[in-house]
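Please keep the sequence and the structure in view while reading.

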Amino acid sequence: MKVKTMYNPMIPHPTTLDNYSNVISHNASVYSIHRVEEAQQLFQSAQREGRRVVFRGGGNSLHDQAQGREWVAQLRLPKVVYPLKPHSFRATTTATWPDVWRCSQPLDMVPGVVPNTEWATLGGTLSANCLCQFSPILGKESNGVESFVLLTPDGEKQEVLRPGPGTSAEQDALFYGVVGGLGSLGLVTEVQHRLLSFPFDGPANVQTTVNHAPSTEHLIRQLIDAHHANHKEHRDKREPWFGYKTLPKPSPLGVLHNDGYGCLIEKEYVPSTSKRSPFIFHTPKTIQNIMGNMVVMAPGVGNLFWKKLHNDWKRRTQPYIDRIPDTLFSMEGNRTARQLLGRVGLETICPQQTFVLPIDHKENPYRASLQFMDSVFEALHNTRFSPSLIDMLTLPKDSIALSATRDMDGLAITLSFQEFGKAKLPALIKMLQELSQDCAAVGGRVHLVKNVFVEPDVLEEMYIEGLQEWKQLKDQLDPNRILVSQLFQRMFSSYVQKNQYAEY
Ligand SMILES: Cc1cc2nc3c(=O)[nH]c(=O)nc-3n(C[C@H](O)[C@H](O)[C@H](O)COP(=O)(O)OP(=O)(O)OC[C@H]3O[C@@H](n4cnc5c(N)ncnc54)[C@H](O)[C@@H]3O)c2cc1C
């Protein structure tokens with residue numbers, strides 16, 4: 001006789017989970033969560049059995065933000081996205097940013113801050129407080145969040161509103177702790193965001209201009225000067241609200257070559273009447289882009305590839321014009337390239353670490369970044385590592401507890417590496433740890449959303465004030481420490497010790 005077995009979400013599946021950069025994997029028991037009630041049930045079991053739970057949305061974290069050694073809640077809640085008048089949308093947090101784009105496109109609007117990947121969920125990016133190529137103008141994702149629904153470890157649900165004149169100090173602290181809190185305070189089940197309208201009628205494309213920068217100093221000065229000009233009026237406010245209605249100015253981003261020269265890339269939305277002229281970075285579904293992503297991994301070839309691109313850009317006088325989704329989700333070419341290489345047995349790793357250097361408006365705003373870049377070039381020279389990309393963008397300050405730009409305008413410098421196999425990983429980790437110390441020495445912070453190769457005491461010092469705010473919330477909402485990811489265990493172990501005496 002055939003026995004009919006019912007699907008039971010509370011039966012875990014032992015699984016090995018890794019991350020996008022492929023630097024470490026962990027075994028865990030994975031629970032598929034299809035309904036909020038199942039998450040509540042999982043919290044109850046974790047409280048009872050003293051287990052630790054980590055949420056996993058799209059699993060696109062570059063390091064161990066969505067990994068744990070005990071229970072992993074793989075979020076499979078139904079996806080829903082709908083527009084709200086006049087310029088917002090509401091969604092469940094398993095929806096992805098292409099889902100949002102499909103909802104906003106017919107309204108001639110666009111989400112403001114969107115990650116470069118199609119697969120990140122709204123819950124994953126809110127928890128990371130995502131940044132993007134338009135962040136020099138708009139700030140990070142938190143600037144567009146109007147509210148969200150939070151399920152706390154005691155099983156209670158509450159709507160958390162964006163801080164404003166009518167909200168309480170406790171509510172505000174919760175907003176600042178959960179956004180960018182990497183799933184450490186509760187499960188975000190729904191979110192409401194502001195959409196961005198264009199400064200013209202009708203649909204839009206993205207226009208990109210590329211200008212040569214003869215030196216690192218030249219590029220850093222251009223980026224920081226643009227930041228000053230764009231945010232003059234916000235500088236003295238604790239947390240500026242950028243209006244988020246239109247994107248009136250081009251957003252600048254810097255790309256640097258290992259030899260010290262680079263280019264300033266400026267992007268803006270323009271009416272879609274302009275004729276398309278694709279920028280290689282914005283063509284993730286083309287053979288050229290995918291091949292380019294493969295070629296930069298070959299030792300020595302990457303440098304030549306970048307030299308050729310820079311030379312082409314120097315000669316170019318016309319801007320590039322691309323479709324919005326190709327620009328927003330431009331890193332998908334890298335994913336396809338690595339998947340294809342994986343299929344023929346070529347394992348790749350792609351560690352990326354972002355260092356945020358303070359922009360000091362009172363003294364010399366360039367000093368910290370220039371000093372840090374000297375350390376970077378020296379370290380690259382000594383170790384012979386060659387990044388596949390060095391990119392830079394400025395970020396306005398915010399009030400998010402675990403943000404690298406908490407109370408500090410910053411220049412985010414990302415070093416990306418792509419290597420075949422893991423043989424060089426230990427040396428790369430050592431170099432990134434040493435650079436983190438150099439970053440700390442000039443008042444900077446390592447961003448928690450990409451790879452986090454830092455000595456724990458150095459990271460704690462970088463985040464000490466925000467960590468105190470976050471710990472107050474953690475003690476209040478999760479005294480038994482059931483929500484602990486591998487990243488928090490590795491970096492903030494004294495803050496996430498199981499509290500034997502807490503009662504529930
Ligand atoms: C190709 C690629 C391009 C990228 N581009 C960018 C970029 O341009 N800008 C940028 O900022 N980042 C970028 N990232 C990083 C990515 O946006 C973040 O890692 C993001 O957190 C991934 O979302 P996810 O749904 O995959 O989350 P996961 O990796 O599954 O989880 C991320 C974190 O969020 C928590 N979490 C997930 N869902 C919830 C929820 N509903 N409630 C509470 N906590 C939750 C997890 O516990 C974990 O701590 C990129 C990553 C890749 C792979």
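Two strands pair if DSSP finds at least two bridges between them. Helices (H or I, at least four residues) and strands (E, at least two) are DSSP runs, numbered from the N terminus. The model is predicted: local features need pLDDT of at least 70 and side-chain atom pairs count only at pLDDT 80 or more, while totals for chains, interfaces and linings use all residues. Residue numbers start from 1 along each chain, as its sequence is written.

- Strand β8 (residues 145-151) runs antiparallel to β10, and 6 bridges join the two.
- In this pairing, L150 stands opposite V188 in β10.
- β8 is also joined to strand β9 (residues 157-161) by 5 bridges, again in the antiparallel sense.
- L151 has K157 in β9 as its bridge partner.
- β8 and β9 form a hairpin with 5 residues between them, and G155 in the turn has a positive phi of about 90 degrees.

**The sheet of 4 strands**

- Strands of a sheet pair through backbone hydrogen bonds, either parallel or antiparallel.
- An open sheet with mixed pairing is formed by 4 strands in the order β1-β2-β4-β3.
- β1 (13-17) and β3 (53-56) stand at the edges with a single partner strand each, so one side of each is left without a neighbour in the sheet.
- From one strand to the next, the twist averages 40 degrees; angles run from 0 to 180 degrees between N-to-C directions, and axes are lines fitted to C-alpha atoms, for helices over the stretch in contact.
- Strand β2 (residues 26-33) and strand β4 (residues 71-75) run parallel and are joined by 5 bridges, with V30 opposite V72 in β4.
- Helix α1 (residues 36-49) lies across β2, β3 and β4, and runs at about 135 degrees to β2.

**The sheet of 8 strands**

- Another open sheet has 8 strands with antiparallel pairing, in the order β14-β11-β13-β12-β17-β18-β16-β20.
- Its edges are β14 (320-322) and β20 (445-446); each has a single partner strand, so one side of each is left without a neighbour in the sheet.
- Strand β12 (residues 251-256) pairs with strand β13 (residues 262-271) over 6 bridges in the antiparallel sense, and V255 has C263 in β13 as its bridge partner.
- Helix α6 (residues 216-231) packs on the sheet, touching β11 (204-213), β12, β13, β17 (389-395) and β18 (410-416), and its direction makes about 165 degrees with that of β12.
- Helix α12 (residues 425-441) also packs on the sheet, where it touches β16 (352-358) and β20; its direction makes about 10 degrees with that of β16.

**Helices α5 and α13**

- The axes of helix α5 (residues 169-178) and helix α13 (residues 456-477) come within 10 Å and cross at roughly 110 degrees.
- α5 and α13 are therefore roughly perpendicular to each other (angles of 65 to 115 degrees count as such, those under 35 as roughly parallel, those over 145 as roughly antiparallel and the rest as oblique).
- A173, L174 and G177 in α5 meet E469, W470 and L473 in α13; residues are in contact if their C-beta atoms, placed from the backbone, lie within 7 Å.

**The ligand shell**

- The ligand is surrounded by 35 residues, of which G57, G58, G123, G124 and G183 are the closest; a residue is near a molecule if its C-beta atom, placed from the backbone, lies within 6 Å of it.
- β3, α3 (122-128), β10 (187-197) and α10 (332-343) each supply at least two residues of the shell.
- α3 gives the most, with 5 residues.

Terms used
Contact = placed C-beta atoms within 7 Å.
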